Amino acid sequence: DVPTPLSATGRTDGPSKTVRAQDGAFLTSAQGARLPDTDHSLKAGPRGPVLLQDHHLREKVMHFDHERIPERVVHARGAAAHGVFRGYGTTAEVCKAAFLAKDVDTPVFVRFSTVLGSRGSADTVRDTRGFATKFYTSEGVFDLVGNNIPVFFIQDAIKFPDIIHAGKPHPDREIPQAQSAHDTFWDFVSLHTEATHHTLWNMSDRGIPRSFRTMEGFGVHTFRLVSATGATTLVKFHWKPKAGVHSLVWEEAQMISGMDPDFHRRDLADAIEAGAHPQWELGIQTFPDTPEQTFQGIDLLDPTKIVPEELAPVQPVGLLTLNANPTNFFAETEQVAFHVGHLVPGIDITDDALLAGRLFSYLDTQITRLGGPNFPQIPINRPHAAVNDMLRDGFHQDAVHTGVAPYKPNSLDGGCPFFAGAGDHAYIEHPTPIAAAAKVREASASFDDHFSQARLFWLSMSPAEREHIIAAYTFELGKCYERAIKERTLLVLANIDPYLCRQVAQGLGLPTPEASQPLTEAQPSPALSQVSRTWPTA
Ligand code: HEM
């Protein structure tokens, strides 16, 4: 029962089948020749020297020398699981994507991650968490590459290298391995105040989740849904954990970092192995696709802003269940390649400037990380839908293509079958107005409000949650060496809330500055919380 890897696309053997490397009863070379000995090099006499003609020695050591690939430039540390997504069929009016239809089961692979630490760093550091889902749909792969925090530090991808350089360990000593407690991070976020909202979420209990199983997930950007009739709706994606949202407290997080740095990945694997399969509901907030792309005054193209769930309720559209651990960490968790541009018919992008940069960055980095342009052929990345592309050759080409005409138009290989039929194509551009008559680098004025939603978040916190936030800022800033950075951050806090600022200033032993901007009118109302305390059952 030899599989047929030599197919025209190289992908028809499906994602679960891998190259056969563990067949037969005997140890062999990579070429299948049976080996007599793997413990001793071939030598000229028992005391050497070792002979270069020992092919097994050279092959074994050569392969070992190349076992490592570059870790991800961000989100290097992660853990993943297989599962299934079942659509509820509640999106029929707004989205034609087949995997969202009622009772359609779609295989998925989900990778959770921290952002800033290296592959070997601890799980329970204070940081944002990645929540990336690959749906192997019947219409191609759809990736929802989100985080456990609904907003981002920056509004434009051109600032991504800046925020990551500031957040990564200092270049001289490579300390620290976590987001917390260093001058470069606080230097940047206090100067670049559009980071305020995300940073406040990081300093809240959301920055130290108890488990991957108890995290929310967010697509962050506004995407565009397309219905069967071609009507469009703007959308934000949410994952709601069935187990509820739970965090650690800081003392727990620190102790666990020392005692069990693998705490989160162990928890995920153990739960799945024990049959306690974690579940999340996928939900959507929908907004009319107007030329302004705003909703009740909130700019939907600004990824530093949320739309409170009280203004646009999250509607459940399907259920995710993680039910199997990866067989091999490297083959699956390390080699999986997510991309915000992996879209299916019915889901499209918007003009969010952060999203645009991501569309470039993931493909680009994966060419280096995964050794050339053929990483979609790696088993974990293979679509379950049929593939028929004109991409040819390149490093690690596993497909043995047939035919002579990988170009269009052609009259030799059956003409142009790709373009037959109508309706179910992905990547259809939707006519949206382009406002500027000239090229500009500035964003619209609505992007200048950096504090009102941070204040909304702060005011929505319970007293205990506020104390945790105060303690987190005090701890983190207390580790900074530069007094000017602490003072500048206090000014940022003054623009969020005077009590927050005063408490942190007292903790640091510094004077309390006055707000430089008028505080927004938001009332301390738990009802207007972005953290929905209730979740409708499906
Ligand atoms: C990786 C989320 C913004 C570049 C990731 C991963 C997640 C993620 C979850 C890990 C994927 C995995 O598990 O393999 C986000 C979110 C963003 C954001 C939610 C903002 C809303 C950006 C931006 C850029 C960027 C603006 C660049 C301009 C990257 C790169 C990787 C990555 C290069 C590594 C990908 C790989 O090696 O496969 N991001 N990210 N991200 N992100 Fe982002």
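1. Helix α8 (353-369) contributes most to the shell around the ligand, giving eight residues. Helices here are DSSP runs of H or I with at least four residues, strands are E runs of at least two, and both are numbered from the N terminus. The model is predicted: local features need pLDDT of at least 70, side-chain atom pairs count only at pLDDT 80 or more, and totals for chains, interfaces and linings use all residues. Residues are numbered from 1 along each chain as its sequence is written.

2. How many residues surround the ligand? The shell holds 29 residues, and the closest are His-75, Arg-111, Gly-130, Phe-160 and Ser-361. A residue counts as near if its C-beta atom, placed from the backbone, lies within 6 Å of the molecule. The elements giving two or more residues are β2 (105-114), β3 (129-137), β4 (140-147) and α8. By class, the shell has 14 nonpolar, eleven polar and four charged residues. Ala, Val, Leu, Ile, Met, Phe, Trp, Tyr, Cys and Pro count as nonpolar; Asp, Glu, Lys and Arg count as charged; the others, Gly among them, are polar.

3. Now the whole chain. It has twelve helices and twelve strands. Its radius of gyration is 26 Å, close to the 24 Å that the globule rule gives for 538 residues, so the chain is as compact as a globular protein of that length. The radius is taken over C-alpha atoms, and the rule is 2.2 Å times the number of residues to the power 0.38. Along the principal axes, the C-alpha atoms fill a box of roughly 80 × 70 × 50 Å.

4. Buried residues make up 38% of the 538. Buried means 20 or more other C-beta atoms within 10 Å of the residue's own, exposed means 12 or fewer, and partly exposed lies in between, with C-beta atoms placed from the backbone. Among contacts between residues at least 6 apart in sequence, 73% join residues at least 24 apart. A contact needs C-beta atoms, placed from the backbone, within 7 Å.

5. Consider α2 (160-167) and α3 (183-191). Their axes come within 7 Å and cross at roughly 145°. Axes are lines fitted to C-alpha atoms, for helices over the stretch in contact, with angles from 0 to 180 degrees between N-to-C directions. Asp-162, Ile-163, Ala-166 and Gly-167 of α2 meet Thr-184, Phe-185, Asp-187 and Phe-188 of α3. That contact has four nonpolar, two polar and two charged residues.

6. Which residues of α3 are buried? They are Phe-185, Trp-186, Phe-188, Val-189 and Ser-190. These pack against α2, α4 (196-203), α10 and α11.

7. Tyr-481 sits in the loop between α10 (463-478) and α11 (483-496). Tyr-481 is exposed because 8 other C-beta atoms lie within 10 Å. Its C-alpha atom is 6.6 Å from that of Asp-183, 298 residues away along the chain.

8. The axes of α11 and α12 (498-508) come within 6 Å and cross at roughly 155°. The two helices are therefore roughly antiparallel. Angles over 145 degrees count as roughly antiparallel, under 35 as roughly parallel, 65 to 115 as roughly perpendicular, and the rest as oblique. The contact of α11 with α12 divides into ten nonpolar, no polar and one charged residue.

9. In α12, the buried residues are Leu-500, Cys-501, Gln-503, Val-504 and Ala-505. They pack against α9 (452-459), α10 and α11. Gly-509 follows α12 and has a positive phi, near 70°.

Definitions and conventions: Contact = placed C-beta atoms within 7 Å.
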